[in-house]
Amino acid sequence: MIKTEALTKHYGTLTAVDAVSFTVSPGEVLGFLGPNGAGKTTTMRMLAGFINASSGRASICGHDVDTDSLAARACLGYLPEGAPAYGEMKVRDFLNFIADLRDLRGAARTRVTAVIERLQLQSVLSQSIETLSKGFRRRVGLAQAIMHDPPVLILDEPTDGLDPNQKHEVQTLIKEMSSDKTVIISTHILDEVDAICTRAIIIARGRIVADDTPQRLAARAPSGRLDDVFRSITV
């Protein structure tokens, strides 16, 4: 489970995230939507423990992100914006490095091979990450996020840079994993929300302005389209 209570982040006089509260339960895929600068990535970074909140609190699987950080991160798979990695490392070496960091040993080590096959990375294992296309770098980033089979996934633009077939494969993977995981994804692709999300939160100017199923949100517009609701709320 993911829970936030009045989560807030200030940068000087700028309030990037303003008292955001929500809960995401196992089996839910939450689409986190908003225009650029709305506070989506900042919220996800606070949840992942990458930056500290100015006030409020967040927890992952019952572990406070600030006071019980290691336990919270052990439950979490995080794909950050841009999927940063060590560019000079070969893909195989990087994924083995991640497995070592996650202390995957014995039978658990087979996760490396399983993830490589699931994300179709066999053809680039000997390449350095800096030579990969944007799509392959994104897939490597997703591979490290799911390597330890975490109960919670926070994925910032998981299909960014992928071609239509690859997007469909990743969307299918997320739907398959959601049966026993808690998932948040941020995306600018509203069709993706309809395809894989059970719930959507729209954030604008650091505040939650809508929280409902994609279908009920879409029904707010005469056209019945989620993108029309999104535009009307965030302008």
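Q: What makes a residue count as buried in this predicted model?
A: A residue is called buried when its relative accessible area is under 20%, exposed when the value is over 50%, and partly exposed in between; the model to which this is applied here is a predicted one.

Q: Why is Thr-8 called buried?
A: Thr-8, which lies in strand β1 (residues 2-11), has a relative accessible area of 6%, and buried means under 20%, so Thr-8 is classed as buried. Leaving aside residues up to four places away in sequence, Thr-8 touches Val-17, Asp-18, Ala-19, Met-46, Ala-53, Ser-54 and Ser-55. Thr-8 and Thr-43, 35 residues apart in sequence, have their C-alpha atoms 8.4 Å apart.

Q: Is Glu-157 buried or exposed, and how do you know?
A: Glu-157 has a relative accessibility of 14%, and the limit for buried is under 20%, so Glu-157 counts as buried. Glu-157 lies in the loop between β7 (152-156) and α6, and has a positive phi of about 55° although it is not a glycine.

Q: Why is Pro-84 called exposed?
A: Pro-84 has a relative accessible area of 59%, and exposed means over 50%, so Pro-84 is classed as exposed. The place of Pro-84 is in the loop between β6 (76-79) and α3, and its C-alpha atom is separated by 24 Å from that of His-10, 74 residues away along the chain.

Q: Why are α3 and α5 described as roughly parallel?
A: The axes of helix α3 (residues 91-101) and helix α5 (residues 134-146) cross at roughly 20° and come within 9 Å; angles under 35 degrees count as roughly parallel, and α3 and α5 are therefore described in that way. The crossing of α3 past α5 is right-handed. Val-91, Phe-94, Leu-95 and Ile-98 of α3 meet Val-140, Ala-143 and Gln-144 of α5, and the residues of this contact divide into 6 nonpolar, 1 polar and no charged.

Q: How do you know that α5 and α6 are roughly parallel?
A: α5 and helix α6 (residues 164-177) pack at an angle of about 10°, with their axes 12 Å apart; the limit for roughly parallel is under 35 degrees, and the pair therefore falls in that class. From α5, the contact is made by Arg-139, Leu-142 and Ile-146, and from α6 by Gln-166, Val-170, Leu-173 and Met-177. These residues divide into 5 nonpolar, 1 polar and 1 charged.

Q: Which residues of α9 are buried, and what puts them on the same side of the helix?
A: In helix α9 (residues 226-234), the buried residues are Leu-226, Asp-227, Val-229, Phe-230, Ile-233 and Thr-234. They cover an arc of only 160° around the axis, and therefore they lie on the same side of α9. An α-helix has 3.6 residues a turn, so residues three or four places apart point the same way. The buried residues of α9 pack against β3 (29-33), α7 (190-196), β9 (199-204), β10 (207-212) and α8 (214-218).

Technical notes: Residues numbered from 1 in each chain as written. Predicted model: local features only at pLDDT ≥ 70, side-chain atom pairs only at ≥ 80, totals over all residues. Heavy atoms only, no water. Axes fitted to C-alpha atoms, helices over the stretch in contact; angles between N-to-C directions. Helix = DSSP H or I, 4+ residues; strand = E, 2+ residues; numbered from the N terminus. Parallel < 35°, antiparallel > 145°, perpendicular 65-115°, else oblique. Left-handed = near helix turned anticlockwise from the far one by under 90°. Contact = heavy atoms within 4.5 Å. Nonpolar A, V, L, I, M, F, W, Y, C, P; charged D, E, K, R; others polar. Buried < 20%, exposed > 50% of the residue type's maximum accessible area, 1.4 Å probe, protein only. Arc of directions from axis to C-beta.
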